Amino acid sequence: TICSRREECLWESGAHMCKHKGAELHCNKFYSEEGCTTQGTRCRWDPKTFMCTQTGEFSCSVLSRAECAQHEGCRWDNKFGHCEDDHHFVPLPCHDHFEEKVCTKEVNCTWHAAAQICRQTGEHIDCVDLQSSPACAAEAGCSWSDHGTFCYSSADGPTCAMFYEAAACASEGCAWDDKIHRCLKSGEKRACTDIYDESLCVADTCVWDSRISH
C-alpha cells in the first residue's frame, strides 16, 4: 500500500487508516469492538451506541433515562432506547445554498437572481459573480468583457486567468498556453499545479505525483 511505502507512516489495522509513526489515534477512529479493544485500557467499547470512547471521557450513553433528562447536552432516543449526545443543528452558510427556494427559507440569506447565488443579506456581490452584461452594467464599479463574456472590477481590470479561449486571451495581450489550455500573462511560467500530463510535468522541472495523476 501507499502507506507502507512511506517511511514516516504506519498502517493502523484496528482503525483501517494510515497514521504517522508514533501518533496516537483518538478512540473514536475505531469503528468496531475488535478494533477498539486493540487499544488496551485507554479506550472502551460502548455496546449501547456501538462507539469506541476514551476511558474516563464522559458519554451520555452511560446515563439512565431519568439521568439523561436531567443532564444538559444529552437526550433520550426513544427508537433505540438509550441516552445520546444532543447535537444541535447548525444551518449551512448562505453561500452553500444553490437554489432560490432553499436560500430564501434561511434567515438572513438573500437570493441574487443576476448572479444566481445565495449570500448573507447585505453582503457585497463581487463583479465576477454577475453572469450577464445587463446585470454587470447595472452594478457600480463593474465592467463587462465582450471578449471573455464575464464581469470584472473596473478598478482592477480583467486578469489573463479570467480568459478561457485562445482568441479572447490574445486580444487582451495575454499568452495562450496550448499545453495546459490556460491564459497566462506574457512571459509567465505555467504553474506545476496546472499540469496534468506526466511528460510535460517532468519537462517543466516539476515533480509528478502518480497517486493523484497531478
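**Bonds and contacts in the predicted model**

Residues are numbered from 1 along each chain as its sequence is written, and side-chain values use heavy atoms, with hydrogens and water left out.

Cysteine 206 sits in the segment after H7 (helices are DSSP runs of H or I with at least four residues, strands are runs of E with at least two, and both are numbered from the N terminus). Leaving aside neighbours within four places in sequence, cysteine 206 is in contact with Cys192, Ile195 and Cys201 (contact means heavy atoms within 4.5 Å). Glutamate 67 is 139 residues from cysteine 206 in sequence, and their C-alpha atoms are 61 Å apart in space.

Disulfides come next. A disulfide is a covalent bond between the sulfur atoms of two cysteines; here, a pair of cysteine sulfur atoms within 2.5 Å is counted as one. The structure holds 11 of these bonds. One of them joins cysteine 27 to cysteine 43, with 1.9 Å from S to S. The torsion about this S-S bond is about -80°, so the disulfide is left-handed. Cysteine 27 lies in the loop between strand S2 (17-20) and helix H2 (33-37), and cysteine 43 in strand S3 (residues 43-46), so the pair ties together parts that are 16 residues apart in sequence. With a relative accessible area of 0%, cysteine 27 is buried, and cysteine 43 is buried at 7%.

Another disulfide connects cysteine 36 and cysteine 52, at 2.1 Å from S to S. Here the torsion is about 75°, so the link is right-handed. This pair links distant parts of the chain, with cysteine 36 in helix H2 and cysteine 52 in strand S4 (residues 51-54), 16 residues apart. Cysteine 68 and cysteine 83 are also joined, with an S to S distance of 2.1 Å, and their link is right-handed, with 80° about the S-S bond. Because cysteine 68 lies in helix H3 (residues 65-70) and cysteine 83 in strand S6, the pair ties together parts that are 15 residues apart in sequence. Both cysteine 68 and cysteine 83 are buried.

What about cysteine 9? Cysteine 9 is buried, at 16% relative accessibility. Cysteine 201 is in no disulfide either, as the nearest cysteine sulfur, that of cysteine 206, is 4.8 Å away.

Lysine 19 and glutamate 12 form one of them, at 3.0 Å from N to O, and both residues are buried. Aspartate 129 and arginine 119 meet in another, at 3.9 Å from N to O. Aspartate 129 lies in the loop between S8 and helix H5 (133-138) and arginine 119 in strand S8, so this pair ties together parts that are 10 residues apart in sequence. Arg75, Glu84 and Asp86 are linked in a network of salt bridges.

Strand S8 (residues 117-120) also pairs with strand S7 (residues 109-112), in the antiparallel sense over 4 bridges (two strands pair if DSSP finds at least two bridges between them). S7 and S8 form a hairpin with 4 residues between them, and glutamine 116 in the turn has a positive phi of about 55°.

Finally, the aromatic rings: the structure holds 2 aromatic pairs (rings of Phe, Tyr and Trp, the last by its six-membered ring, pair if their centres lie within 6.5 Å; planes under 30 degrees apart count as stacked, over 60 as edge-to-face and the rest as tilted). Phenylalanine 150 and tyrosine 152 form an edge-to-face pair, 6.2 Å centre to centre with 70° between the planes. Both of these residues are buried. Phenylalanine 150 also pairs edge-to-face with phenylalanine 163, at 5.1 Å centre to centre and 65° between the planes. Together, the ring pairs link Phe150, Tyr152 and Phe163 into a cluster.

Conventions
Salt bridge = Lys/Arg side-chain N within 4 Å of Asp/Glu carboxyl O. Buried < 20%, exposed > 50% of the residue type's maximum accessible area, 1.4 Å probe, protein only.
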